[in-house]
Amino acid sequence: EAAVGDLTRVLEEGRSRLDTATVRVIEESLRKIDLAIAEARAALQRDPASGYLNQQIAAHLRRKLALLRLAADAIART
């Protein structure tokens, strides 16, 4: 979670260095990932013992982190 927060700040601070279309795609992808995480967490509240749901949350968080790292790398290269 800390890494996600740090990279989110990098994206916010460097977004003006990226093409607006690129930022739009990144933000839309992040919204989809956040929605998937929220849905999995809601389902996990109904089924707290679900190993599958825990794995899905972890996988979505890894995707979010990977996307934010790519965005941070793109910002660093500009």
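Me: Leaving aside neighbours within four places in sequence, which residues is K64 in contact with?

Reply: K64 is in contact with V4, L30, I33 and D34, where contact means heavy atoms within 4.5 Å. This is a predicted model, in which local features need pLDDT of at least 70 and side-chain atom pairs count only at pLDDT 80 or more, while totals for chains, interfaces and linings use all residues. Residues are numbered from 1 along each chain as its sequence is written, and side-chain values use heavy atoms, with hydrogens and water left out.

Me: Why is K64 called buried?

Reply: Buried means under 20% relative accessible area, exposed over 50%, and partly exposed in between (1.4 Å probe, protein chains only). K64 has a relative accessible area of 14% and is therefore buried. K64 belongs to helix 3; helices are DSSP runs (H or I, at least four residues) numbered from the N terminus.

Me: What joins the side chains of K64 and D34?

Reply: A polar contact of 2.6 Å joins them. The term requires a pair of N or O atoms within 3.5 Å; within protein, one must be able to donate a hydrogen and the other to accept it, and residues adjacent in sequence count only if both atoms are side-chain atoms.

Me: Why does E1 count as exposed?

Reply: The relative accessibility of E1 is 66%, so E1 counts as exposed. E1 lies in the segment before helix 1. Apart from neighbours within four places in sequence, E1 is in contact with R41 and L61.

Me: Which residues touch the most other members of the largest nonpolar core?

Reply: They are L7, L11, L18, I26, L30 and L68, in a core of 15 residues. A nonpolar core is a set of buried Ala, Val, Leu, Ile, Met, Phe, Trp, Tyr and Cys residues joined through side-chain atoms within 4.5 Å. Helix 1 (2-14), helix 2 (20-46) and helix 3 (51-76) each supply at least two residues of this core. Helix 3 provides the largest share, six residues.

Me: How do the axes of helix 1 and helix 3 cross?

Reply: The two axes come within 9 Å and cross at roughly 35°. Axes are lines fitted to C-alpha atoms, for helices over the stretch in contact, and angles run from 0 to 180 degrees between N-to-C directions.
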